[in-house]
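Trainee: Could we go through this model together? I would like to start with strand pairing and then turn to the side chains.

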Amino acid sequence: MTLMKASIILLIVICGLTKALIREHVYLRIPKNWTGAQSYCRTYYEDLSTITSQEEQDMLIQLSGGNQIFQWIGLYSHIQHTRNWLWSDGNSVSFTDWDKGQPNNVNGSQYCALMSIFYTFSEILFDVYFLCVR
């Protein structure tokens, strides 16, 4: 392999990694339930937002105006396995910031996460604003 080919391959790899590390999130003030928000994000953006660090969560809180209004993120659990949390885009969960006493799955019907300052559990039918990633 020539030096130029190796340099081009390295540049492509670095660009791909950089794109993965720097994701653009969008705060949408359109009240929807979790599945409606996910569908909207998948249609017009990529998916509901995932959060991989405290810094990213702080950035999303700031993006949403720093208020304590709940917004949907892509965190959910399978109905049958409420302790197995997943991101709607398929990424594994490596960071969570649950509010005190959460997740609690009240009445066995809470499978999606809302974010304000912390994550909290909610029923899927609750209409709130949401965050998408592109």
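Mentor: In strand β7, the bridge partner of Leu48 is Cys132. The model is a predicted one, in which local features need pLDDT of at least 70 and side-chain atom pairs count only at pLDDT 80 or more, while totals for chains, interfaces and linings use all residues. Residues are numbered from 1 along each chain as its sequence is written, and side-chain values use heavy atoms, with hydrogens and water left out.

Trainee: In which sense do β2 and β7 pair, and over how many bridges?

Mentor: Strand β2 (residues 47-48) pairs with β7 in the antiparallel sense, over two bridges. Two strands pair if DSSP finds at least two bridges between them. Strands (E, at least two residues) and helices (H or I, at least four) are DSSP runs, numbered from the N terminus.

Trainee: How many bridges join β1 to β7?

Mentor: Five bridges join them, and the two strands run antiparallel. Lys32 stands opposite Val128 in β7.

Trainee: And which way do β3 and β7 run?

Mentor: Strand β3 (residues 71-78) and β7 run parallel, joined by two bridges. Here Trp72 stands opposite Phe130 of β7.

Trainee: How many of the six residues of β7 are buried?

Mentor: Five of the six are buried, so β7 is largely enclosed by the rest of the structure. Buried means under 20% relative accessible area, exposed means over 50%, and partly exposed lies in between (1.4 Å probe, protein chains only).

Trainee: Where does Ser49 lie, and which residues does Ser49 touch?

Mentor: Ser49 lies in the loop between β2 and α3. Ser49 counts as buried, at 0% relative accessibility. Leaving aside residues up to four places away in sequence, Ser49 touches His25, Leu60, Ile73, Gly74, Trp87, Leu131, Cys132 and Val133. Contact means heavy atoms within 4.5 Å.

Trainee: Let us change topic to aromatic rings. How many aromatic pairs does a search of the whole structure find?

Mentor: The search finds four aromatic pairs. Rings of Phe, Tyr and Trp (its six-membered ring) pair if their centres lie within 6.5 Å; planes under 30 degrees apart count as stacked, over 60 as edge-to-face and the rest as tilted. One of the pairs is Tyr27 with Tyr129: the ring centres are 6.0 Å apart and the planes are at 80°, so this pair is edge-to-face.

Trainee: Where in the chain are Tyr27 and Tyr129?

Mentor: Tyr27 is in strand β1 (residues 25-32) and Tyr129 in strand β7 (residues 128-133), so the pair links distant parts of the chain, 102 residues apart. Tyr27 is buried, with 13% relative accessibility, whereas Tyr129 is partly exposed at 25%.

Trainee: What about Tyr40 and Tyr44: what are their distance and angle?

Mentor: Tyr40 and Tyr44 form a tilted pair, 4.6 Å centre to centre with 45° between the planes. Both are in helix α2 (residues 34-44), and being four residues apart, they are separated by about one helical turn. Tyr40 is partly exposed, at 22% relative accessible area, and Tyr44 is exposed, at 55%. Together with Phe130, Tyr40 and Tyr44 form one aromatic cluster.

Trainee: Now the charges. How many salt bridges are there?

Mentor: The count comes to three salt bridges, each being a side-chain nitrogen of Lys or Arg within 4 Å of a carboxyl oxygen of Asp or Glu. Glu56 pairs with Arg23, and the closest N and O atoms are 2.4 Å apart.

Trainee: Is Glu56 buried or exposed?

Mentor: Glu56 counts as buried at 11% relative accessibility, while Arg23 is partly exposed at 22%.

Trainee: What does Glu24 form a salt bridge with?

Mentor: Glu24 forms a salt bridge with Arg134, with 3.4 Å between the closest N and O atoms. Glu24 lies in the loop between α1 and β1 and Arg134 in the segment after β7, so the parts tied together are 110 residues apart in sequence. Glu24 is partly exposed, at 44%, and Arg134 is partly exposed, at 45%.

Trainee: And which side chain meets Arg42?

Mentor: Arg42 meets Asp47 in a salt bridge of 3.2 Å, N to O. Arg42 is partly exposed, with a relative accessible area of 45%, and Asp47 is buried, at 4%.
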